[in-house]
Amino acid sequence: MERETGVWRLVFLALPLGVFTVLVIWPLASSFYYSFTNWNGFSDNFEFVGFSNFNKLWTDKLFFNAAVNTAIWMVAAVLIPTLLGLGLALLIDSRIPGGPVFKSIFYFPICLSAVVVGQIWIWIYQPDWGLLNVAIGAVTGSSPDFAWLAKPDTALGSVIAAWAWQHTGLAMVIYLAGLTSIPEDLLEVCEIEGASTWQRLRVVIIPLLTPATVVVVALNVINSLKGFEILYIMTGGGPFNSSDTLAMHMYNESFKKYLMGYGSAISVVLFIVALTIIGIYFRELKKVDEIYG
Amino acid sequence: MDGSASYNDPEVQKAMGLWKDLVDKGYFVANANADDWTDAGDKVARGDAAMTLMGTWITGYWNGIDLKPETDYNFFEFPQITEGLPNAVVGPVDGFVISANAANPEGAEKFLNFVVSDTGIQTKWASSRGALSANVGIDPSIYTPVMQKAAKAVADADAFVFNYDLSTPPPVAEVGLSMFSRFMDDPSKVDAILDQTAEDTKKAFTE
């Protein structure tokens, strides 16, 4: 009987495992393979070049530029939506008028694709008639025409703002669910004992929201690692590589310069970075799980 | 294009100096890097810009937004700067290719010869794409008056050269195109930008 169940498990798992192998394992193995070649992406003729693609990484200043931008991107893309989501959840949970409406409005952007969000924000940042410059002009009485996405100092930050706008709603909803699990009587005791709002937040609410924070941070880390489309749509890594991340750099090297072998080497590095971050995260997650059950 | 000249050679410095002079005189729109070719085309269409440097395909875009050739937009050749130099036109050519492993290369060659030499097909090809046909045998009246001027410019030119980004290896083109936008962002740094580009392209040629 037990053996029969095991066979059925294998039968049911075969299809998803097959799809996973074709769509994930095979491309991953191919990237590792091509990272040791000088393949241009379409020719049958290529050679094994050993570790030379990986050695080239050390002298490629655009790779280091992309690595720094990736670090900035990851920290900001995790921190900003998490903090804003927590703030909004606390506001809405405090029974402000129109709370449910605001909840729906703030959640809405997560339903849009990155391409749509990117296009909306391209319009917002448009130098001549974009909403941002018009709003700044209305407040300051000037006529600013700053090109947010075309200036190297502001391009990456502008994309991060668009990213945060899209992902804050998800963090907010998870925190709202977390807030409902905090016992009312605990908060009442705090009030009776004369705790200030800040003390209540710091000592009771935020620690009890740890399981929600774990989920929010996990989702934001995973989403930020996948964050390619919005950068591709909004800046394409430009102007002159100022918003290049490792994923963008890999794409440009592989598909614009036709250096597929070198692009594969970058993808291998990105994979190792992602695996390390997720490994560390799951180790910490286990500790939190042991504390909170 | 093949790496025999450097990006900080005197000829390049002179050309970029002329370009910088135009920027300094305020002849370019603000935030030029923020515009793609359709944005630039829209600015000309709205009258916010007087001209844009673009291939003939932009006429198809303008016709599509109901601008009338010669009435609403027109064409002129880039003015000659150094007298006595041969007049060259710049542009890409759409090419047909036969796969090295084609099952019937002779048949494919015959078909391609037919496609490019048959004036009926080339007429349809050129008018549907808003481009000039490489076949000079087709009737020029199929072109709009503006495209006829462009056809005449090509016919009268001393030389036809392929455009920059397609004439040099892709890794070098990436460095060079980035140089142009870097220059437009801050033309005052032109010398440093050219030195850096010369260094980066030397490396890119070895990729």
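A cavity here is a set of grid points where a 1.4 Å probe fits but cannot get out. Keep in mind that the model is predicted.

**Exercise 1. Count the cavities of 30 Å³ or more, then describe the largest cavity.**

Step 1. Start with the count: by this rule there are two cavities of 30 Å³ or more.

Step 2. Next comes volume, and the largest cavity has about 80 Å³.

Step 3. Now look at what surrounds the largest cavity. Its lining includes Thr70(A), Trp73(A), Met74(A), Ser224(A) and Leu270(A). Two or more lining residues come from each of α3 (61-93), α10 and α12 of chain A. Helix α3(A) gives the most, with three residues.

Step 4. Sort the lining by class: you get six nonpolar residues, four polar and no charged.

**Exercise 2. Work out which residues line the second largest cavity, and of what class they are.**

Step 1. The volume of the second largest cavity is about 40 Å³.

Step 2. Around the second largest cavity you'll find Ala218(A), Val221(A), Ile222(A), Ile278(A), Tyr281(A) and Phe282(A). Helices α10 and α13 of chain A each give two or more residues to this lining.

Step 3. As for class, the lining has six nonpolar residues, with no polar and no charged ones.

**Exercise 3. Move on to the second largest pocket and find which element gives the most to its lining.**

Step 1. The second largest pocket has a volume of about 800 Å³. It is lined by 29 residues, and those closest to its centre are Leu28(A), Met250(A), Ser267(A), Leu270(A) and Phe271(A).

Step 2. Go through the elements of chain A that supply two or more lining residues: α1 (2-34), α10 (210-225), α12 (246-256) and α13 (260-292).

Step 3. Of these, α13(A) gives the most, with eleven residues.

Step 4. By class, the pocket lining splits into 21 nonpolar, seven polar and one charged.

**Exercise 4. Decide whether Val19(A) is buried, partly exposed or exposed, and find the patch it belongs to.**

Step 1. Find Val19(A) in helix α1 of chain A.

Step 2. Apply the cut-offs: buried means under 20% relative accessible area, and exposed means over 50%. Val19(A) is partly exposed because its relative accessibility is 43%.

Step 3. Val19(A) belongs to a nonpolar surface patch with Leu15(A), Phe20(A), Val22(A), Leu23(A), Val24(A) and Ile25(A). Together they have about 670 Å² of accessible area.

**Exercise 5. Sketch chain B, then trace some of its salt bridges.**

Step 1. Chain B has nine helices and two strands. From the N terminus on, the order is α-α-α-β-α-α-α-β-α-α-α. Its C-alpha atoms fill a box of roughly 55 × 45 × 35 Å along the principal axes. Of its 207 residues, 26% are buried.

Step 2. Over all chains, the structure holds eleven salt bridges. One of them pairs Asp24(B) with Lys20(B), where the closest N and O atoms are 2.8 Å apart. Both partners sit in helix α1 (residues 10-24) of chain B, four residues apart, which is about one turn of the helix. Lys20(B) counts as partly exposed, because its relative accessible area is 23%.

Step 3. Asp48(B) pairs with Arg46(B), with the closest N and O atoms at 2.9 Å. Asp48(B) has 49% relative accessibility, so it counts as partly exposed.

Step 4. Lys189(B) and Asp186(B) form another salt bridge, their closest N and O atoms being 3.5 Å apart. Asp186(B) is partly exposed, at 22% relative accessibility.

How values were computed
Residues are numbered from 1 along each chain as its sequence is written. Chains are lettered from A and ligands numbered from 1 in the order in which they are written. This is a predicted model: local features need pLDDT of at least 70, side-chain atom pairs count only at pLDDT 80 or more; totals for chains, interfaces and linings use all residues. Side-chain values use heavy atoms; hydrogens and water are left out. On a 1 Å grid over the protein atoms alone, a cavity is a set of points where a 1.4 Å probe fits but cannot get out, and a pocket is an open set with protein on both sides within 12 Å along at least five of seven lines; lining residues have an atom within 4 Å of a point. Grid points are joined across faces, edges and corners, and a volume is the space filled by probe spheres set on the points. Ala, Val, Leu, Ile, Met, Phe, Trp, Tyr, Cys and Pro count as nonpolar, Asp, Glu, Lys and Arg as charged, and the others, Gly among them, as polar. Patches are made of residues with over 30% relative accessible area and no salt bridge: like charges are joined within 9 Å, nonpolar side chains (Val, Leu, Ile, Met, Phe, Trp, Tyr) within 5 Å. Accessible areas come from the Shrake-Rupley method with a 1.4 Å probe; for residues, only the protein chains shown count as cover. A salt bridge is a side-chain nitrogen of Lys or Arg within 4 Å of a carboxyl oxygen of Asp or Glu. Buried means under 20% relative accessible area, exposed over 50%, partly exposed in between (1.4 Å probe, protein chains only).
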